[in-house]
Structure formats: structure tokens, C-alpha cells
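User: Could we go through the pockets of this structure together? I am new to the terms.
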Amino acid sequence: MPNYDHAKVWLNGQVVPPEEAKISVFSQAVLRGSSVYEGIRAYWSEERNNLFLWKMDPHIRRLFDSMRVMRMTPPYTAEEFKDAVVEWIRANEFREDLHFRLNVYFDDSGPLDMKGYAADEVDTCVFISGGPNSNRKRQEGGVNLCVSSWRRISDDSVPPRVKASANYQNGRLAGVEARINGYDDALLLNQNGTVAEGTGTCIMIIREGKLITPPVTDSILESITRDSVIEMFGRHIGPEPVERPVDRTEIYVADEAMICGSAAEVAPVLSLDRIEVADGKPGKLTRRLQEIFYAAARGVDETYEKDIMPVY
């Protein structure tokens, strides 16, 4: 069995041991946070004896969108990115649930060089790293959130729809504050004072049987998991999900609330600001959505066959 604590890394076209996966301290990624990435899941199916990449095409499209906004020249085609992911997984012989990063970054433009902002002034590089991740404590038990004193970044400053590594400092500030104050995590409001998202997740609520979530124009990441949950709710549960601004107090009075994302998958929200959501327990529709999600991602529900990509 492979040693997952020392998983190999895919770096600029080669699979290398982790100790050889190095980035210059002068790189733009290190000095200025100039990188974009995708956090991607793969799910092992015992029944089909295969590992399935979940929603690879949407992830690659979003990666290209992020590179476009950041004015990065893509170093590989979409198919080459997908081939690289499969090559990395096979090199590590992973045969269990994974969470990993496909990261595109600006490299070294010279020591203390204040240039290097334009794509033709600096090299664009790629690495893939990560490994097994089957810890689902939050998905099973739920989370207690608070509204952060920090506001969510906006499209006119640092665009949230770009999955840039630097954007996550916004969430880190909120998340650290939340934990210091005794919460599991935080929820951020946007500049308009309505709900944006969590520190790395989207937020959804259930009121009178309806799924309600903030629109992508309310300073949120254009989340692939969010899109999946919206589609799954409409297809399997109904009625049609609603995308509109959400007030923080709507979460206080919601019947259910949940967060979702590639890392978080679908996790129940038990309380906000120490006000319980309903009875403070995971809701039945949240549990139903979890069941639908895992059945799709593991290749059990053939309706979602087009959304999974076999590795072996």
C-alpha cells in the first residue's frame, strides 16, 4: 500500500516525491499570492471497483475562467489538465476518497523584481497535490456558525468568482475569529449587508419546503457543489430552488440550513450566533440531499453518469 503521508506531487509535467516539489521564494505565488486553483473530489466505489472524479469538466472550466480574469496564459489545454490529474492519481495508486488541489501559479520573475505582473513577464506553472480525505465529522454532526465581523470581498476589489488562493485570506480572518470565539466556523455578509457565504462554503436554507440561496452576484464563489445541490433539489425534492438575497435573520428562523462546497460536501448548520436553526439538529431535507449527492458522486445513481470520470 502507498504511504499516503508522503504522496507524490505532479509538478509542471512530472510526478515527483514531495521533497522535490519546490517553488522559489521569489515566485509571484509566494510574494503576492498570484495563483488560482481548483479543489476537486474523487470518490471510491466498492461496487464498481473504481475511483470517480466528480464534475471534472465544470472544475476545469472554472479554472480557465479564473485564469482569464487573472490574465494568466493557460499552460495546458483542458484535456491535458485532466490527463495530468489521472496521471497523478495513478502514480500514487489512490483507491479511496480524495480531496486535492489543481493549482496554477506565477513563478519566479527574478529576485526582488517589482515587475512580473503581466503573463508574458513571468512563467505560469502547475502543481497537483493532496490525498485521501474521508473525515466527515462536520457532514455527520453539523456545524455551529457565527456572523463574522469581517465582510466578504466584492467584485470591484478582489472578485469572489475567481478561485484565487489570495481570496481565502478573507475567509481565514473570519474563520480564525470564529474559532477564537467558540464557534466551528463563520458566515460572512457582503458589502450590502446580506448573506454571502461561509469561509470556503456556500450557504443554503430551507423555508416552507423551498431551497433558498444567495445568487452568484452577491459576492460568492460560483460553486460547483452549489450548482449540483440546486439541481439535485429541483430534480429529486422540489419545488424549484430560489436564488435571491438572504438576510442573516432568515437563517435564525429557517427550517433547515446547510453549507456546501467541494471540501465541505453538504453539511448541516445547527445554529447561527448561538440561535438554533429549528431544533438545532440536522434537517431531514439536508440528510436527503447528502444521500442524493453521495449516490451521484460514487456512481450509484446512473442519472449522473456524465458527471463522473473513471480513473482506472
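Analyst: A pocket is an open set of points, on a 1 Å grid over the protein atoms alone, where a 1.4 Å probe fits, with protein on both sides within 12 Å along at least five of seven lines; lining residues have an atom within 4 Å of a point. The model is predicted, so local features need pLDDT of at least 70 and side-chain atom pairs pLDDT 80 or more, while totals for chains, interfaces and linings use all residues. Residues are numbered from 1 along each chain as its sequence is written, and side-chain values use heavy atoms, without hydrogens and water.

User: Which residues line the second largest pocket?
Analyst: Its lining is made of Lys55, Pro58, Arg61, Arg62, Asp65, Val216, Glu222, Ser223, Ile224, Asp227 and Ser228. Helix 2 (56-69) contributes the most, with 4 residues; helices are DSSP runs of H or I with at least four residues, numbered from the N terminus.

User: And how do they divide by class?
Analyst: There are 3 nonpolar, 2 polar and 6 charged residues. Ala, Val, Leu, Ile, Met, Phe, Trp, Tyr, Cys and Pro count as nonpolar, Asp, Glu, Lys and Arg as charged, and the others, Gly among them, as polar.

User: Now the largest pocket: what is its volume?
Analyst: The largest pocket has about 750 Å³, where a volume is the space filled by probe spheres set on the grid points, joined across faces, edges and corners. Of its 34 lining residues, Thr199, Gly200, Thr201, Ala263 and Ala264 are the closest to the centre.

User: Which element gives the most to that lining?
Analyst: Helix 5 does, with 6 residues.

Key: Helix = DSSP H or I, 4+ residues; strand = E, 2+ residues; numbered from the N terminus.
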